[in-house]
Amino acid sequence: MLPVDRAGAGFDKVLNLKTTADRERYRQSFLESFEAEMKSAAPDRVVISDEALYLFLSTEALVGTLKAFLSRHFDRVRIVAYVRAPTSFVESSYSTHLKMGGTKDLADFAAHQRQALSYWTKLSLWRDVFGADAITVREFSRPLLHREDVVLDFLHAILGIDIAPSDTSGGKSANTSIAPLGQHLLLAVNRRYAEAGEARPGFYRRFVSRKFKGSGQRLTADEAARLTASLRDEIDRLSADFFGGRTIFEAPVAPAVRSETPAASELVAAAIEMSAAALKDGKKRKGSRRGQAGRLRQFGS
């Protein structure tokens, strides 16, 4: 939507946007489609959701560009942000880091998340551009969410819509966490391809995500304490400016030591199973390509 250089970001990779020109063409196409839909639908209320707005709009000029764009279509804009406890954010995001080909272990990954976790710095920028009355910040903590669900909480608290849990039970998470064994396995695969300077095939992400669903590794008590301490000023200002000074981000019960690294036998067994699945996947894709070629020959004859 906005002229932000996101080269190398996951969204750019999915859309095969390799250059600034590619991104600009996609941006123009998106804006044209948005304009056309607004004219045809004439909605009285529009919800725009994109975590990348928070991550990439890091200057007053960029946030101001978004405000100018929205002001062309809406007479009132409300910014809603959910903020998650730093330790919970890191532990949840780590699986995504690995799925995207990341090569950091959990402790190293946590040490590099200060920018993403500087909630007050980012939200105060949005407040300065849109105005304090336009900003609503809620804490992403299941006990505090309506029906302990962030989507149901947004619908209820922001849009005034109350949906029973059974009405949304058919939904599936598109970004599930990976259990520790799967995380260790994918980390080893990622590092192998990174050391060789090769792009990691998407098969490994798909296999590990499907085979090893579950809660991932946890930060140790010391790591969680260090992370929270490094963000203490940000957390205190966030509390004062957006939560009326109340305590936010209750300290989680963290393990004293890191989860044990899976035994070599477990990793070997998982690697063998993954290799067999990769071979099967390769044969299936090869057969599919042959089938497509055959259909093309029939079509041309």
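Where does Glu148 lie? Glu148 sits in the loop between strand E2 (135–140) and helix H8 (150–157); helices (H or I, at least four residues) and strands (E, at least two) are DSSP runs, numbered from the N terminus.

## Ground rules

This is a predicted model, so to speak of a local feature takes pLDDT of at least 70, and side-chain atom pairs count only at pLDDT 80 or more, while totals for chains, interfaces and linings use all residues. Residues are numbered from 1 along each chain as its sequence is written, and side-chain values use heavy atoms, with hydrogens and water left out.

## The chain as a whole

Of the 301 residues in the protein chain, 35% are buried. On that scale, buried means under 20% relative accessible area, exposed means over 50%, and partly exposed is in between (1.4 Å probe, protein chains only).

The protein chain has an accessible surface of about 18,300 Å², and carbon and sulfur atoms own 52% of that. Those areas come from the Shrake-Rupley method with a 1.4 Å probe; for residues, only the protein chains shown count as cover. As for contacts (heavy atoms within 4.5 Å), take the ones in the protein chain between residues at least 6 apart in sequence: 75% of them join residues at least 24 apart.

## Two positive phi values

Back to Glu148, which is not a glycine and yet has a positive phi of about 55°. Glu148 counts as partly exposed, at 47% relative accessibility.

Ala42 is another non-glycine residue with a positive phi, near 45°. You'll find Ala42 in the loop between H2 and helix H3 (51–56). With 58% relative accessibility, Ala42 counts as exposed.

## Salt bridges

There are 11 salt bridges in the structure, each being a side-chain nitrogen of Lys or Arg within 4 Å of a carboxyl oxygen of Asp or Glu. One of them pairs Arg25 with Asp22, with the closest N and O atoms 2.4 Å apart. Arg25 and Asp22 are 3 residues apart in helix H2 (residues 20–41), so about one helical turn separates them. Arg25 is exposed, at a relative accessible area of 53%.

Glu91 and Arg218 form another salt bridge, and here the closest N and O atoms are 3.3 Å apart. This pair ties together distant parts of the chain: Glu91 belongs to helix H5 (residues 86–99), Arg218 to the loop between H10 and H11, and the two are 127 residues apart. Glu91 counts as buried at 17% relative accessibility, whereas Arg218 is partly exposed with a relative accessible area of 29%. Then there's Arg127, whose side chain meets that of Asp241 in a salt bridge (3.1 Å, N to O). Asp241 counts as partly exposed at 38% relative accessibility. Salt bridges with shared partners join Arg127, Asp128 and Asp241 into one network.

## Surface patches

Which residues make the nonpolar surface patch of about 220 Å²? That patch is the work of Leu15, Tyr26 and Phe30. Patches are made of residues with over 30% relative accessible area and no salt bridge, where like charges are joined within 9 Å and nonpolar side chains (Val, Leu, Ile, Met, Phe, Trp, Tyr) within 5 Å. Leu15 is in the loop between helix H1 (10–14) and H2, and at 31% relative accessibility Leu15 counts as partly exposed.

Arg205, Arg206, Arg210 and Lys213 form a positive surface patch. For the bookkeeping, Lys and Arg count as positive and Asp and Glu as negative, with His and the chain ends not counted. The place of a charge is taken as NZ of Lys, CZ of Arg, CG of Asp or CD of Glu.

## A closer look at Lys213

Lys213 belongs to the loop between helix H10 (202–211) and helix H11 (221–230). Its relative accessible area of 57% makes Lys213 exposed. Leaving aside residues up to four places away in sequence, Lys213 touches Thr176, Ser177, Ala179 and Val208. Lys213 and Gln183 are 30 residues apart in sequence, and their C-alpha atoms are 10.0 Å apart in space.
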